[in-house]
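Hi everyone, thanks for making time for this.

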Amino acid sequence: MASLTSSLSSLSLHSHTSSAAASSRFSLLPASKFTFSLAAARPRALILAAAKCKPSDDIDTSFFDNVNPEEEVPFNPPEPPEGFVAPPSFDEGPMESEDEIAAAYEELYGPAYSGVSVLGNDIYVMDSKIKRDTGFGSKAKKEKVKDGFEERVVQVRRVTKVVKGGKQLRFRAVVVVGDKKGNVGVGVGKAKEVIAAVQKSAVNARRNIITVPLTKYLTFPHRADGDYGAAKVMLRPASPGTGVIAGGAVRIVLEMAGVENALGKQLGSNNALNNARATVTAVLKMKQFREVAEERGIPMEELWK
């Protein structure tokens, strides 16, 4: 405590101003004749800073001796010069029309979604472009991919998955795509909505495209059998004019492949997905006559001898 008292007493402030003037008012400006005496133990940097802050005797501060800070001073603006014309007020003058305001807004921020364009932009065309590119503001179906393949929905089922918190309801769709020129594919997809499930299954079917061997009568070159799981499918060629005599998923696969004359029979399970895949398995076993002739190394005319 004694050391703290001695350190505080080492710094003394001496004022040469009159005590009456100091007690009567408080001025924010520094006094003209304040001097500081620092102890010899203070650092040299503080002594130099105090020397720089010492006010100069050339500044006249006698104007502030008679100023009362609590007194209200009236504001007297200067007189305007001769010939001075005040600028017009913001509220004066003619008001802008709605077309002018809309044109200025459209120039800054683009056309508004009101169906009316001041600068000649077609709002409805812009809306359709935005909806098609981003899908914003609409729940319309996405445009189908124009790649020459047609889509046919074979089956849509509601499936559930049991989890810890309960059951998750989803939809499973089986879709067959084909160009009716010998290319066909079977796909399956699951989603929370039917439309999304069909779209996913169509994408999956396009990834599994196969080529169906066809003769000039648009039928199979020979008979074939295929199975997938518990489903078994029997395919037989038919004479022109017979048509596709088959049922279920087998008929859809053959029609999307472009087969016009064929016989098909489901011998096992009635599962649509397995029967469709069994049909694909049977088609993959088929070969054209020229392929068999090349494998045997003989002319194609000798195949029937």
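Let me begin with a term: two strands pair if DSSP finds at least two bridges between them. The strands themselves (E, at least two residues) and the helices (H or I, at least four) are DSSP runs, numbered from the N terminus. With that in hand, valine 175 has glycine 187 in β5 as its bridge partner.

Before going on, a word on where this comes from. This is a predicted model, where local features need pLDDT of at least 70 and side-chain atom pairs count only at pLDDT 80 or more, while totals for chains, interfaces and linings use all residues. Residues are numbered from 1 along each chain as its sequence is written, and side-chain values use heavy atoms, with hydrogens and water left out.

Overall, the chain has nine helices and ten strands. Of its 305 residues, 22% count as buried (under 20% relative accessible area; exposed is over 50% and partly exposed is in between, with a 1.4 Å probe and protein chains only). Contact means heavy atoms within 4.5 Å. Among contacts between residues at least 6 apart in sequence, 50% join residues at least 24 apart.

β4 (residues 166–178) runs antiparallel to β3 (residues 150–163), and 13 bridges join the two. They form a hairpin with two residues between them, and valine 163 has glycine 166 as its bridge partner in β4. β4 also pairs with β5 (residues 183–191), again in the antiparallel sense, over eight bridges. That hairpin has four residues between the strands, and there lysine 180 takes a positive phi near 60 degrees.

Now to another sheet. In what order do its four strands lie? The order is β7-β8-β10-β9, in an open sheet with mixed pairing. β7 (224–228) and β9 (244–245) are the edge strands, each pairing on one side only. β8 and β10 pair in the antiparallel sense over five bridges, whereas β9 and β10 pair in the parallel sense over two. Alanine 262 of β10 turns up in both places: it is the bridge partner of proline 237, and valine 244 stands opposite it too.

α7 packs on this sheet, touching β8 (231–237), β9 and β10, and its direction makes about 150 degrees with that of β10.

α7 has a helical partner as well. Its axis and that of α8 (residues 272–284) come within 8 Å and cross at roughly 45 degrees. Axes here are lines fitted to C-alpha atoms, for helices over the stretch in contact, and angles run from 0 to 180 degrees between N-to-C directions. Angles under 35 degrees count as roughly parallel, over 145 as roughly antiparallel, 65 to 115 as roughly perpendicular and the rest as oblique, so α7 and α8 are oblique to each other. The contact is made by Ala249, Val250, Val253 and Leu254 of α7 with Ala272, Asn275, Ala276 and Thr279 of α8.

Last stop: asparagine 261, in the loop between α7 (248–257) and β10 (262–266). Is asparagine 261 buried or exposed? It is buried, with a relative accessible area of 6%. A polar atom of its side chain lies 3.1 Å from the backbone nitrogen of glycine 241, and the backbone nitrogen of threonine 242 lies 3.2 Å from a polar atom of that side chain. Leaving aside neighbours within four places in sequence, asparagine 261 is in contact with residues including Tyr217, Leu218, Pro240 and Val244.

Definitions and conventions: A polar contact is a pair of N or O atoms within 3.5 Å; within protein, one must be able to donate a hydrogen and the other to accept it, and residues adjacent in sequence count only if both atoms are side-chain atoms.
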